[in-house]
Structures are given as C-alpha cells and as structure tokens.
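Me: I'd like to learn how to read a few features off a protein model. Can we go through it together?

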Amino acid sequence: MSAIYIAAIAIFSVFAQWLAWVAKVPAILFLLLTGLLLGPVSGVLDPDQLLGDLLFPVVSLSVAIILFEGSLTLHFRELKGIGKVVRNLCSIGMLTTFIIITACAIYVLELDWPVAAVLGAVLVVTGPTVIAPMLNAMRPTKDIDRILRWEGIVIDPIGALFAVLVFEAVSLVGKDGVFSHTLMALFSTLSVGLSVGIISGWFTSLIIRKEWLPFELHKFGILALVLMSFTLSNHLSHESGLLAVTIFGIWLANQDDLEIDAVLEFKEDLSMILISSLFILLAARLKLEELMMLDSGIFWFLAVVLFVARPLSIAVSTFNSDIPFKSRLMLAWIAPRGIVAAAVGSVFALSMAQSGHPDAAKIVPLIFTVIIVTVILQSLTATPLARLLGVRQPSPNTLLIIGANHVARAIACGLKEQNIDVYLSDPAWENCKMARMDGLPCYYGNPQSEHAERYLPLTSLHSVLALSPNRHHNALGVQYFSHLLDEQSVYSLKSSTNHAKANKDSATFLSRQILFGDTGNYAKLSSLMAKGGKVSATRLSEEFSWEQYLEVNKEAIPLFIISEQKKEDDPLSIRPFTSEDKKQPEQGDRILALQPPKMSILKDSVNKEVSIGEKLNS
C-alpha cells in the first residue's frame, strides 16, 4: 500500500504544478490545497503512518537540498546597488519581524513565550519559490524585483539558522547558564557550519577541476556530498547542517571557472520534486482539531504580520537608502511565506510537543494559515497595487533570442543598431563569450530553467525568437515561452528545409516555425552571412515604397518591420516577417533585412558617399 500512496503523491504533485502553470499562480496554492484534501479533509493520506520515523529525516534532507539549490544562484556580483538593503532585510529587518510577531503571538494569541518565540523565528523567512511567479506576473521596477528575489534566496538559510538558534535558546530555559549555553550553541553552529561548508565547497571544486570525478557523475556525486555535508555538520553541532549546505552552494556559485550548469539544472528539477512532495506531505499532517483550535485572535495576528511587521521591517531596512517611497510601499506588501517556514516549523513543533509544551500543537496550523493567506492575498493584489503606485515596468520592450550563434549575434547587432533592446541566451559558453564581446547581454544556460527565471529580464520581454540551429533547444524554448508570454509573441526559425523529423515535434513548435517567411531558415541565413551578407535597415518613404524596396532588394531576406513609436511610453512596435503575416509595411517603417554580399557592399559605399557629402555640405 505504501507504494500506491507514494505514486499517488507524485501524480497529485504533477497535477497541482500543472494547475498552477495554467492559472499562472504560485504552485504552493494548489499543493497546499491538495495536501489538505488528502489529509485532514478526506483522511486518505497519513504521512506519519506512511513514512513513520523516516518522515522528518526525509523532510530535513529535502530542505537541505532545496537550500543548496537556492544558494547555487547567489553570485556576489549581482548584489551591486542593492547589497545594503538586502543585508539589512536579512539582519535588522529580520529581527524587527521576529520581535513584532513574537510579541503578537504572546499578547494576542496568548501562546507560551517559548512557543511564540519559535513561531516568530520561523515566520521571518519568505521564499523564492513563491516570490518568483508573483514577480513575473507583477512586472515591478528593477529595484523592487532584485530586492525581493535576493531577499527570498538569502533569508531562507539565514532565517532557518536564526530559528535554530532561537529553538536552542528556548530549549535551554530553566537550566543553569542559559545565556552562556546559547552563546556556545551559536559559536558551535557557526564554526562547524562554516567549516564544513567551506571544506565541502573547496573539495568539490578540486575534484571537478582535476577531473577526478567523471562528468556523468557530477550531478550524483555533488548530491551525495551535499547530503553528507548536511548530516556530518548536524552530527558535529546540532542543526548546523543548513548553514553548511548554504555555504557549500555559495562557494561553488562564485567560482567563475567552474562548470556547474548541469548540476544546477539537475538540482532545480530535484528541488521541484521535493518541494511539491513536501508541501503535500506537510499539509496532509494537519488535523482538523488543530485547525479548530485557532480562534478569532488569528485575524488580529494576520493583520499584524501583514500590516505591522512587514512595513516596519522595510522601514528600518531601507532607512537612509535611495529606494523611492513608492517602491518601499510595494516592498512592504510583498512577503509570502514558503517551504522553509513550513518544513522547519513542522520539525520544531514535533520537538516542542515531545518536550511537553502545551501550545506546540498550534505552531503548524498557524504557519500554514500565514502561508495560505500571504500567498493568496498578495498574489491577487500585487499587480493592481504596482499599477496604482506606478512601480510597474512599462510595456515589455526586450526581445529574447534563444541562441547566440553567429546568425543570432548578427541579427541582434542589427536590432541593437535600431535601438531595440535584445537579450541572448545560449548553453554554449563560447557563443555567450562572443556575444558579450559584441556588447550584447547574454545568459549562459537554458532560458527555461529556474535559474534563468531569476536572471533573465522576464518581466520586460516583448517577444521570443528561437534562432538556435538545434531544433530541440528551439522547441523547448517555444513551448515554455508560449505559455509564459502568449503564443503570438513566440517565434522559431527553421533549422533547414528538411522536415523529415517534423512529426516528432510538438504542434505548438511547428505552428511557431514561421520566422522570416517560407524560404527563411537557419542554413540559408548562415550561408549568406558566411559569404559576407550583412544585416541592415532601410526606411520606407513616399519616394521609396514597399514595392520599390522589393524590386531593388530581390535577393535580400526581410527580417523585421520596425514602426515608429508615437509616444515614449508606447509599446514596442516591431514584428518579424513571418510566413503567416500578410500585412504590408507602411510609409515610415524601417525594414531590417539580411542583404546579400553584393548588396551589402553597395549599401556600404552608398552610406560612405552620403556621409562624405554631408561633411562637404557642412
């Protein structure tokens, strides 16, 4: 029977993630709902009976993997300009939140102070898994977007460590030398966690650089080292493992010469599986009688969490900073709780219940109530509030190009010369390096990964062009971004005229393989560029119409139509030539096209003559 339950959890996890994908909301909503329906509502799933003594070791190891995956994205260079605010949010802001929530739990919910302190410590964390989808829908200004993303990543391990220290302190109450014991616990946790994390990071970097571990074992080998680091650190100093795996990940993330993209992609997939399963399991552990224990005081408690604790935390964290007032108001509203709060709180609640704390049973239902309310309320109101405050980014104006090969770079350079914002993406480092040498921003990796979700300008994307010669990369990108944006904003270039394998591609991909007309394909563009063809723009006028352009440029391949923007804040007016587009360019439009070699030379000489003439006239 256990195998059936585990398989069912996997199926329900996928279904909940799919529902979130369709509704474009954080997956936590449907995962929590699934867990509540399977657990306290129907009584079908009992995680304690299913996993027994293995439940909380599994939860602890899963949280360690999730934190390690998050820390792999912590590049120190990304903190430029917002480092002070993020640092404050994860220190004095966190302490402010802790003090206010703890005091409210004592005086409003009338909890025992040790239980209230642990609850306050657990609820200081937010979560990147719930913040990222919210930000993608909200499209806030860059300062808000970066601050919230970094806070969600950084505060998870710091908040978890802080909660461990608070739990250690309240566990020692009534014993001699509680203050000295707490200081010793803090010193032991920090020293052991930092040491194990640094040593693990150094050792992993060494075995990768020296190629002592074959590439095909990198993913499994690093996963094994993460689990070993976590358990060893916890064995040497109680609850120091979370810090160890976080330092481990940060060390690897900031080694510029280390190739860990495949590891990161594997950890992202593994984290999604673990997060989905954990939310269902932990929500299923809730009992209806525990939920009924929450009286009307919960509404006052939620009001303090939302309207007092978070705004004061933002106020002290952004004091004397350059963050605009309206941006601070937006930051003061967004603080959804996630998986770390649920998992760490569940572990502490069990320990405190075993120690005889009468209010320990209220910790888990209170945490899940805060998670549900913050995620639902802030997801529904974030976009309208951003629009009201004027902190939403203008209409998307960036073209994302999948591929940084020579064809994609040439087209990107042509677009850049016409003042069109472009961003490239490629999993090949050599292509990315060449793009950056051309002054083009390029994301190194797969654009549909969770890592890309943090570093690509997703909130400002106007459209996506799949220009990779690899049909597989194009297909994945088209399928992913067709849903994230909309199907009419995603296009793909055919690799060649050969479609022998077309029946293996998705209908979505085939319907989007329409870039640059019926004759346009990667092989043809690449061949023309190799012979000296160049991407250039021509403006249509009353004297030079579209029909005349076609007559003069018979061998050119038109790529884009760029229309003039009447106002500065108008949406970007650019559309690629496609096999389905029958609308002809108009007077004043610019035609960006790939000119054949002879035409390119002629255009260059004409441009030089015009330039010389202008100088002579002046």
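Me: Which residues make a nonpolar surface patch of about 430 Å²?

Reply: First, some ground rules: this is a predicted model, where local features need pLDDT of at least 70, side-chain atom pairs count only at pLDDT 80 or more, and totals for chains, interfaces and linings use all residues. Residues are numbered from 1 along each chain as its sequence is written, and side-chain values use heavy atoms, with hydrogens and water left out. Now the idea of a patch: its residues have over 30% relative accessible area and no salt bridge, with like charges joined within 9 Å and nonpolar side chains (Val, Leu, Ile, Met, Phe, Trp, Tyr) within 5 Å. The areas come from the Shrake-Rupley method with a 1.4 Å probe, and for residues only the protein chains shown count as cover. Here the patch is made by F15, W18, W21 and V22.

Me: Where is V22, and how accessible is it?

Reply: Buried means under 20% relative accessible area, exposed means over 50%, and partly exposed is in between (1.4 Å probe, protein chains only). V22 is at 43% relative accessibility, so it counts as partly exposed. It sits in helix α1, residues 2–23. Helices (H or I, at least four residues) and strands (E, at least two) are DSSP runs, numbered from the N terminus.

Me: What about salt bridges: how many does a search of the whole structure find?

Reply: Side chains of opposite charge can pair when their charged atoms come close. The cut-off is a side-chain nitrogen of Lys or Arg within 4 Å of a carboxyl oxygen of Asp or Glu. The search of the whole structure turns up 4 salt bridges. One of them joins the side chains of E151 and R310, at 2.8 Å from N to O. That pair links distant parts of the chain, with E151 in helix α9 and R310 in helix α15, 159 residues apart.

Me: Are E151 and R310 buried or exposed?

Reply: Both E151 and R310 are buried. Compare that with R409 and D438, whose side chains meet in a salt bridge at 3.7 Å, N to O. This pair also links distant parts of the chain: R409 is in helix α19 (residues 406–417) and D438 in the loop between α20 (429–437) and β3 (442–444), 29 residues apart. R409 counts as buried because its relative accessibility is 12%, while D438, with a relative accessible area of 40%, is partly exposed.

Me: And which residue forms a salt bridge with K433?

Reply: That's E430, with the closest N and O atoms 3.7 Å apart. The two are 3 residues apart in helix α20, so about one helical turn separates E430 and K433. E430 is partly exposed at 46% relative accessibility, and K433 is partly exposed at 34%.

Me: On to helix packing. At what angle do α6 and α9 pack?

Reply: Two packed helices are described by the angle between their axes and the distance between the axes. Axes are lines fitted to C-alpha atoms, for helices over the stretch in contact, and angles run from 0 to 180 degrees between N-to-C directions. Helix α6 (residues 92–107) and helix α9 (residues 142–171) pack at about 45°, with their axes 12 Å apart. That makes α6 oblique to α9, given that angles under 35 degrees count as roughly parallel, over 145 as roughly antiparallel, 65 to 115 as roughly perpendicular and the rest as oblique.

Me: Which handedness does the crossing of α6 and α9 have?

Reply: A crossing is left-handed if the near helix is turned anticlockwise from the far one by less than a right angle, and right-handed if clockwise. α6 passes α9 in a right-handed crossing.

Me: What do α7 and α17 look like by that reading?

Reply: Helix α7 (residues 113–122) and helix α17 (residues 339–354) pack at about 165°, with axes 10 Å apart. That makes α7 roughly antiparallel to α17, and the crossing is right-handed.
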